[in-house]
Amino acid sequence: MIIQPRTRGFICLTAHPDGAHQAVKNQIEYVKSKGEIKNGPKKVLVIGASTGFGLSSRIAAAFGSDASTIGVFFEKPASEGKMGTAGWYNSAAFEKEAHAAGLYAKSINGDAFSDEVKKETIELIKKDLGQVDLVVYSLASPRRTHPKTGVAYASVLKPIGQPFTNKTVDFHTGVVSDITINPVENDEDIANTIAVMGGEDWKFWIEDLKAAGVLAEGVKTVAYSYIGPELTFPIYRNGTIGQAKNDLEATVPVLNDLLKDLNGKSYVSVNKALVTQSSSAIPVVPLYISLLYKVMKAKGTHEGTIEQMQRLFADRLYTENGEVALDEAGRIRVDDWEMADDVQAEVAKLWDETTTENLSEISDIEGYRKEFFNLFGFELDGIDYEKDANENVQVPSIE
Ligand code: NAI
Ligand code: NA
């Protein structure tokens, strides 16, 4: 079938298998161009492996240090006459490329928050890899069913305390407008967001993996967080999602205790703001990202998810002397180039000036829009979108 983008708000309902394959190949080429990640991971479990930072983590591990990878994700499979989701096609492409390169790669499609998927993953590790030496935790989800209580939690993206008014952009139309987001009405919204995006599920994973004996001596585990500039604090870091990130970060010492007897270590890496399916859903943030991209591209410091994850592995998690640089709060920072004073000063200045009329001139809204469509396999160079695509592309290791 011929597959074209079809959007509803910040969601793209369609995905292109050949474009997704091209995007995965581009990421692989980037990792290869940077050379071997010395002392890199060898047997890796990536939870949330099909898109965004998780997919890039998987690619960096596999093609940067020849790692065997197991990827867990929640995607809609493709079938005859029915399109899969972008993450499905990404994973199909990743496995195909990994297998062609002689690398072990298998995937599990299901709810990572469930005990069942944890069990299935442990069985697969036991059968094929014995143990893993890196666990990447990169889930982003609007909801979670608690595996012990069955309670279904939904996260919200809201400020806490006062309403938040600021600029936002509709990146499809380029219209800049003011938006007011009302604060949470009760603490339950905060607790629910923490239950979905906080550290409990990461802890459950590490507890189960450890109890099953599938974590190697010296194992590392990493989850991803975000801080960003003051102008997004009310909706991000000081909002409901920020409380969940605080909880995630507070899980690090808990996991360090748990991993002590394995000489294992847990980390949170604070990553750069980037266009992903998750970040496009947050108000205000897409306008910030399109200004940030403009400034960082001009300075030559712009990175996408693959550049970020390659740098995380090569320069932070797996260094020559084994030391991992942390900030005063114990976090890895690969948002360092985003948060550089000169970058932030320029973004703040542009922020005040931004209007619908000057948007395309002073921001990289076009880059934002293109990257958004790239996430779904569209607007990739070298793909003929007028041609029939085979929608029925399968992930080889999933029956
Ligand atoms: P994403 O939406 O691209 O990826 C989410 C992944 O989680 C996908 O692989 C999806 O299949 C998987 N997933 C979601 N629910 C699942 C479930 N129930 N079971 C199994 N898999 C499930 O998101 P992105 O942006 O890569 O986010 C990953 C992490 O990085 C999040 O913790 C996010 O907060 C963080 N982060 C994101 C930044 C950004 O600007 N996008 C910046 C800094 C951190
Ligand atoms: Na991810």
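Author: One begins with the term "near": a residue is near a molecule if one of its heavy atoms lies within 4 Å of it. The model shown here is predicted. Of the 29 residues around ligand 1, those that come nearest are Ser50, Ala112, Lys245, Thr276 and Ser278.

Reader: What classes of residue make up the shell around ligand 1?

Author: The shell has 13 nonpolar, twelve polar and four charged residues.

Reader: Which atoms make polar contacts with ligand 1, and what cut-off applies?

Author: A polar contact is a pair of N or O atoms within 3.5 Å. A polar side-chain atom of Thr276 lies 2.7 Å from an oxygen atom of ligand 1. For Lys245, an N or O atom of the side chain is 2.8 Å from a ligand oxygen atom. Gly48 contributes through its backbone, with an N or O atom 3.4 Å from an oxygen atom of ligand 1. On its own, ligand 1 has 850 Å² of accessible area, and the protein covers 92% of that. Two elements, α2 (52-65) and β11, each give two or more residues to the shell.

Reader: In what order do the strands of the open sheet lie, and why do some count as edges?

Author: The seven strands follow the order β5-β4-β3-β6-β11-β12-β13, with parallel pairing. Because β5 (105-109) and β13 (332-333) each have a single partner strand, one side of each is left without a neighbour in the sheet.

Reader: How do β9 and β10 run relative to each other, parallel or antiparallel?

Author: Strands β9 (164-170) and β10 (175-181) run antiparallel and are joined by seven bridges. Val169 has Val176 in β10 as its bridge partner. Their hairpin has four residues between the strands, and Gly174 takes a positive phi near 75°.

Technical notes: Residues numbered from 1 in each chain as written. Chains lettered and ligands numbered in written order. Predicted model: local features only at pLDDT ≥ 70, side-chain atom pairs only at ≥ 80, totals over all residues. Heavy atoms only, no water. Pairing = 2+ DSSP bridges. Polar contact = N/O pair within 3.5 Å; in protein donor to acceptor, adjacent residues only side chain to side chain. Areas by Shrake-Rupley, 256 points an atom, 1.4 Å probe, with all protein chains shown as cover. Nonpolar A, V, L, I, M, F, W, Y, C, P; charged D, E, K, R; others polar.
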